[in-house]
Amino acid sequence: MFKKKEIMCGIVGYIGNRDAYPILIKGLHRLEYRGYDSAGVALINAEGKLNVYKAKGKVSDLETVAKDKDCAGTVGIAHTRWATHGEPSVRNAHPHVSQSGNLVIVHNGIIENFAVLRKQLAKKGFTFQSDTDTEVLVQLIEYAEQQHKKGLVNAVRHALRKVIGAYAIAVIDRNNPNQIVAARKGSPLVIGVGEKNSEFFIGSDASPIAEYTKNVVYPDDQQIVVCELGKELQIINLENEPIDVAIHKIDMDLSMLSKGGFRHYMLKEIFDQPSCLSDCMSGRLVKNTNNQWDIVLSCITNFKKKLINTPRFIIIACGTSWHAGLIGKQMIEQYCQVPCEVDYASEFRYRNPVIYPTDVVIAISQSGETADTLAAIELAKSKGAFIFGIVNAVGSSIARATNSGIYIHVGPEIGVASTKAFTGQLMCLYLFSLALAKEKGTISDDVYHETASALKSIPEKIEEILKTDKEISQFAKLFTYAKNFLYLGRGWNYPVALEGALKLKEISYIHAEGYPAAEMKHGPIALIDCDMPVLFIATRHQHYDKIISNMLEVKARGGRIIAVITKDDIEAKKIADECIEIPEILADVEPLLTVIPLQLMAYYVAVEKGLNVDMPRNLAKSVTVE
Ligand code: AGP
């Protein structure tokens, strides 16, 4: 009967002297990419009345429900949900209120032992309005408060000591409106600290906070944060020991969080790539005294010995980050001459992999909160491996779980379908593997500088491709009928074909597969007919002749071909039905260009189908559970 899990949501909290409601609603809109099937808000007004509003659907539906209602109060918490178990409904939406009506909670995560706790509490006379694990938690806190009578902080501590699972929570007590108590284990949580402790902000990431303060705190696992007006922020662990508070400055400005005049975040983020990659290279790709491009990475100099001497690299990641890892493997093996394995983090963590303390494990993640990647890191760490992170979200769990790493600096990525993070991850993998190869002496100066300067030319070349955006939007319309789609590439571009197929799947709901072009003859060619569009990455590099014959094989069976070709190429153009030209560039770094038209293609097919591009069905931006 019990539909237990409430996960991958966004939580927001505010306490201060401003009206909480507008801050909470704006925060929910910023976090909506995390989950968007129901939402709710709780406020304590000046008379100490607790008002809770919930809605099934998006944050805008919640605003409709709360319209013309009492939304006064300078303290409140709010939640946007994404469920896997238990249908989205007002009953299951957060916030959840305790039996006495005094305590209210929002939660992101899973309480694994909720069913047992629910039974125990029921025996103590507690009843339940919803099917959620979260309601069990607020009842447990209420029970602890009744037992210990030492206030909310103590009650939260006692309750969390009984909990198995993951959580980021914010709890308020209508009898004590000067305080919000938050805590985390496994799920992300950021606390914003206002001037002179006059106000505090709570968020699943920094996006609901950045507009109001740049001072943030990243609590660690099993830590409780007490936000009390006029008092220093206090952190304790579950043993009631005080923890030092480390305040960090965030460099997130609002323009990064808005659509910047684009129709969707995804399109904005595709067009962000030239400036993001320049940011990613800045201070890392520098001119040396011989006027050549050189790579300087402190994450290498600080751990040179470990990175130079490792006999093996293992890359772990999920989804798009895994595709970046596949290209990273080619870089590391080609430039550093060291074997490099790539594993899905979700498989790696359970296949009992052989890991040596001499191994360097590279964990790639945009959000820095992907549960499978985090667990794979913990496994590798437990076997003594050195963990190197390539992460976007600053201060995220994965960033803090690694021994060293590099931030990709592409700014917040809000569209669920990852775009600029993919090219940012690739850029960092190029910089890392080239710099390490230089240290190891496994790359010639010529190849090193030639590749480094090719990287430097990437932003302007992407600008060129983005100018063909209208053309791509035109012929994308021709393929909205498709039920299936094949993406084919070779060498450096095989993983790009995988990534292109994933983008189309994610946002247009068309079944698409990426394949090494040479694999066609071993099966997939059976799928070819006039209804099967095939996208070839057919640029003029070492596999060109072979790709041309693959295209002819598809053509011979009536397949419709879209080809990504090198500017002014004739031969491939003659065979393909539609072509997207990209500027000529060094083969090794071409994935940074060939992926752009594939991102735009997927975007325009989804737009043409009238789908919600930024919040595609069944998906969420960071997968914080396995
Ligand atoms: C990509 O568009 C998807 N959002 C998804 O596959 C994503 O890449 C995957 O969940 C990994 O996320 P991470 O990079 O944040 O760890």
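**Exercise 1.** Is Tyr509 buried, partly exposed or exposed, going by its relative accessible area?

*Solution.* Keep in mind that we're working with a predicted model.
- Step 1: look up the value, which for Tyr509 is a relative accessible area of 24%.
- Step 2: bring in the cut-offs: buried means under 20%, and exposed means over 50%.

**Exercise 2.** Where does Gln222 lie, and what is its phi near?

*Solution.* 
- Step 1: go to the loop between β11 (215–217) and β12 (223–228), and you'll find Gln222 there.
- Step 2: check the backbone angle. Phi of Gln222 is near 55°, a positive value in a residue other than glycine.
- Step 3: With a relative accessible area of 36%, Gln222 is partly exposed.

**Exercise 3.** Which residue does a cis peptide bond join to Pro95?

*Solution.* 
- Step 1: locate Pro95 in the loop between β4 (75–82) and β5 (96–97).
- Step 2: look at the bond between His94 and Pro95, where omega is about 0°. That's the cis peptide bond, and the partner is His94.

**Exercise 4.** Which residues is Pro339 in contact with, leaving aside its neighbours within four places in sequence?

*Solution.* 
- Step 1: find Pro339 in the loop between α9 (319–336) and β19 (340–344).
- Step 2: list the contacts, which are Pro311, Arg312, Phe313 and Glu333.
- Step 3: compare sequence with space. Pro339 and Thr310 sit 29 residues apart in sequence, and their C-alpha atoms are 9.6 Å apart.
- Step 4: Pro339 is also partly exposed, at a relative accessible area of 48%.

**Exercise 5.** How many residues surround the ligand, and how do they split by class?

*Solution.* 
- Step 1: count the shell, and you get 14 residues, with Ser321, Ser365, Gln366, Ser367 and Thr370 the closest.
- Step 2: sort them into four nonpolar, eight polar and two charged residues.
- Step 3: check some atom pairs. A side-chain N or O atom of Ser321 is 2.6 Å from a ligand oxygen. For Lys503, a side-chain N or O atom is 3.1 Å from an oxygen of the ligand. Val416 uses a backbone N or O atom, 2.8 Å from a ligand nitrogen.
- Step 4: name the elements. Both α9 and α17 give two or more residues to the shell, and α9 has the largest share, three residues.

Technical notes. Residues are numbered from 1 along each chain as its sequence is written. This is a predicted model: local features need pLDDT of at least 70, side-chain atom pairs count only at pLDDT 80 or more; totals for chains, interfaces and linings use all residues. Side-chain values use heavy atoms; hydrogens and water are left out. Helices (H or I, at least four residues) and strands (E, at least two) are DSSP runs, numbered from the N terminus. Buried means under 20% relative accessible area, exposed over 50%, partly exposed in between (1.4 Å probe, protein chains only). Contact means heavy atoms within 4.5 Å. A residue is near a molecule or strand if one of its heavy atoms lies within 4 Å of it. A polar contact is a pair of N or O atoms within 3.5 Å; within protein, one must be able to donate a hydrogen and the other to accept it, and residues adjacent in sequence count only if both atoms are side-chain atoms. Ala, Val, Leu, Ile, Met, Phe, Trp, Tyr, Cys and Pro count as nonpolar, Asp, Glu, Lys and Arg as charged, and the others, Gly among them, as polar.
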